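This briefing takes a first look at one protein model, topic by topic. Please keep the sequence and the three-dimensional view open while reading.

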Amino acid sequence: MPRHEEKTKSEILNTAVRLFQEKGWDKVKIEDIVKEVGVTRGAFYHYFNSREHIIAAATDQIFLANNPFVVAEQQEGLNALEKLRFAIKHNLKFNLNEPELMNALKIVVELPDVFKSDFFFNINTTAPHVEKLLHEGNAQSIFKVKQPRQAAQVCVMLMSSWLNPGIFQVPHEEFIDKLDFMADMWENICGCPVMDDELKALLIHLQQKVIELYKK
């Protein structure tokens with residue numbers, strides 16, 4: 001892509017991210033974005049084929065701008081298990097403190113194209129970060145993960161979808177059972193004891209916030 005086109009695409013995406021964070025996912029239209037950037041609708045559709053496409057790109061951009069795995073690598077003295085726990089907790093805390101990221105949980109459910117994009121983003125972008133730490137943990141003799149790539153992909157899929165209270169709304173007791181299952185799977189099937197009390201508490205807090213969100 002020519003440099004000027006990359007700049008235009010970046011300007012559209014960065015503007016969309018800002019507007020979504022300022023006004024909310026459901027209140028920003030394509031017209032708002034192109035007016036703010038100063039481009040035509042045609043220019044918008046040259047890079048993004050729909051409103052759902054720009055929403056999906058915006059959620060990816062927000063994650064990458066605050067990549068918890070990069071932050072984890074910057075911490076000194078952490079082994080692979082500590083980095084993995086740090087990254088997951090850092091991401092949860094960031095989401096819990098950003099109202100529009102919490103609202104994005106509803107958007108993922110309501111817009112199939114966004115859900116599909118989020119699913120593949122987690123497989124193609126998030127899972128490789130997890131896989132890298134699983135290999136590192138194996139080398140440090142902390143983990144005993146036989147198939148790091150497959151383990152990373154399955155765990156990321158379950159964490160982002162099956163365990164996501166915005167997608168599967170279940171009673172609190174059932175949610176606790178799901179957390180216990182995830183803890184058992186990480187430790188006894190994957191050979192990587194990721195779930196600790198703090199992580200469990202953060203996930204419970206997430207469920208509570210989502211319940212409040214859906215009551216509005």
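The model is a predicted one, in which local features need pLDDT of at least 70 and side-chain atom pairs count only at pLDDT 80 or more, while totals for chains, interfaces and linings use all residues. Residues are numbered from 1 along each chain as its sequence is written, and side-chain values use heavy atoms, with hydrogens and water left out.

- Cys190 is in no disulfide, and the nearest cysteine sulfur, which belongs to Cys155, is 3.7 Å away.
- Cys192 is likewise in no disulfide, its nearest cysteine sulfur being that of Cys190, at 7.2 Å.
- Residues are called buried under 20% relative accessible area, exposed over 50% and partly exposed in between, using a 1.4 Å probe and protein chains only; Cys190 is buried with a relative accessible area of 9%, and Cys192 is buried at 0%.

**Nonpolar cores**

- A nonpolar core is a set of buried Ala, Val, Leu, Ile, Met, Phe, Trp, Tyr and Cys residues joined through side-chain atoms within 4.5 Å; the largest one has 42 residues, of which Leu84, Leu134 and Trp186 touch the most other members.
- Helices here are DSSP runs of H or I with at least four residues, numbered from the N terminus, and those that each supply at least two residues of this core include α6 (80-96), α8 (112-139) and α10 (172-189).
- The helix that gives the most to this core is α6, with seven residues.
- Contact means heavy atoms within 4.5 Å, and, leaving aside neighbours within four places in sequence, Leu134 is in contact with several residues, among them Leu84, Phe143, Trp186 and Cys192.
- A second, separate core of 25 residues includes Ile33, Ala104, Leu111 and Val114.

**Helix α10**

- The expected span of a helix is 1.5 Å times one less than its number of residues, so the 18 residues of α10 should span 26 Å, and the 25 Å between its end C-alpha atoms agrees with this.
- The buried residues of α10 are Phe175, Ile176, Lys178, Leu179, Met182, Met185 and Trp186, and what covers them includes α6, α8, α9 and α11.
- Just after α10, Gly191 takes a positive phi of about 75°.

**The loop at Asn49**

- Asn49 lies in the loop between α3 (41-47) and α4 (51-65), where it is exposed, with a relative accessible area of 58%.

**Aromatic pairs**

- Rings of Phe, Tyr and Trp (its six-membered ring) pair if their centres lie within 6.5 Å, and planes under 30 degrees apart count as stacked, over 60 as edge-to-face and the rest as tilted; a search of the whole structure finds six aromatic pairs.
- Phe44 and Tyr45 form an edge-to-face pair, 5.4 Å centre to centre with 90° between the planes, in which Phe44 is buried at 0% relative accessibility and Tyr45 is partly exposed at 37%.
- Phe63 and Phe121 also form an edge-to-face pair, 5.5 Å centre to centre with 85° between the planes, and this pair links distant parts of the chain, with Phe63 in helix α4 and Phe121 in helix α8, 58 residues apart.

Technical notes:
Disulfide = S-S within 2.5 Å.
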